[in-house]
Amino acid sequence: MKAIVDEDGDIIAIATDDHTLIGGHHRLAVAGSMGKSLFWRDTGKPVKLDLFFKHHESFHST
């Protein structure tokens with residue numbers, strides 16, 4: 001499991017190693033809408049939010 005953290009190091013969400021979001025859906029959406037930078041806690045690399053919301057957007061667009 002991987003943790004997604006914000007600039008302050010606070011855990012925002014938890015995902016599996018293959019980037020399946022398993023916790024923190026709302027916090028991740030709020031942080032993204034506020035323009036916060038999010039990072040993978042284990043590597044420090046930036047999190048690309050489209051990995052998590054791409055399916056959601058395509059599912060609801062008609």
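Student: Is valine 5 buried or exposed? Please explain its surroundings in detail.

Tutor: Let us begin with the residue itself and then widen the view. The model is a predicted one. Valine 5 has a relative accessible area of 7%. A residue counts as buried when this value is under 20%, so valine 5 is buried.

Valine 5 belongs to strand β1, which covers residues 2-5. Along this strand, Lys2 and Ile4 point one way, while Ala3 and Val5 point the other way. The residues on both of these sides are buried.

The next step is to see what lies beside the strand. β1 is joined to β2 by 4 bridges, and the two strands run antiparallel. Within this pair, valine 5 stands opposite isoleucine 11 of β2, and lysine 2 stands opposite alanine 15 of β2. Together β1 and β2 form a hairpin with 5 residues between them. In the turn of this hairpin, glycine 9 has a positive phi of about 85°.

β1 also pairs with strand β4 (residues 39-40), again in the antiparallel sense, over 2 bridges. Here isoleucine 4 is the residue that stands opposite tryptophan 40 of β4.

These pairings belong to an open sheet of 4 strands, in the order β3-β2-β1-β4, with antiparallel pairing. β3 (21-23) and β4 stand at the edges with a single partner strand each, so one side of each has no neighbour in the sheet. In the loop between β2 and β3 lies histidine 19, a residue other than glycine with a positive phi, near 70°. Histidine 19 is partly exposed, its relative accessible area being 28%.

Apart from neighbours within four places in sequence, valine 5 is in contact with Asp10, Ile11, Ile12, Ser37, Leu38, Phe39 and Arg41. One of these, leucine 38, has a list of its own: beyond residues up to four places away in sequence, leucine 38 touches Ile4, Val5, Asp6, Ile12, Leu28, Ala31, Lys45, Pro46, Val47 and Leu49. Valine 5 and valine 47 are 42 residues apart in sequence, yet their C-alpha atoms are 9.0 Å apart in space.

Leucine 38 also leads us to the largest nonpolar core, which has 11 residues in all, among them Ile4, Ile12, Leu28, Leu38, Trp40 and Val47. The elements that give two or more residues to this core are β2 (11-15) and α1 (25-33). The largest share, 3 residues, comes from β2. In soluble globular proteins, nonpolar side chains tend to be buried together.

Finally, this part may be set within the whole chain. The protein chain has 2 helices and 4 strands, which follow the pattern β-β-β-α-β-α along the sequence. Of its 62 residues, 27% are buried, and valine 5 is buried. Among contacts between residues at least 6 apart in sequence, 38% join residues at least 24 apart. The accessible surface of the chain comes to about 4400 Å², and 55% of it belongs to carbon and sulfur atoms.

Definitions and conventions:
Residues numbered from 1 in each chain as written. Predicted model: local features only at pLDDT ≥ 70, side-chain atom pairs only at ≥ 80, totals over all residues. Heavy atoms only, no water. Core = buried A, V, L, I, M, F, W, Y, C linked by side-chain atoms within 4.5 Å. Buried < 20%, exposed > 50% of the residue type's maximum accessible area, 1.4 Å probe, protein only. Contact = heavy atoms within 4.5 Å. Areas by Shrake-Rupley, 256 points an atom, 1.4 Å probe, with all protein chains shown as cover. Pairing = 2+ DSSP bridges.
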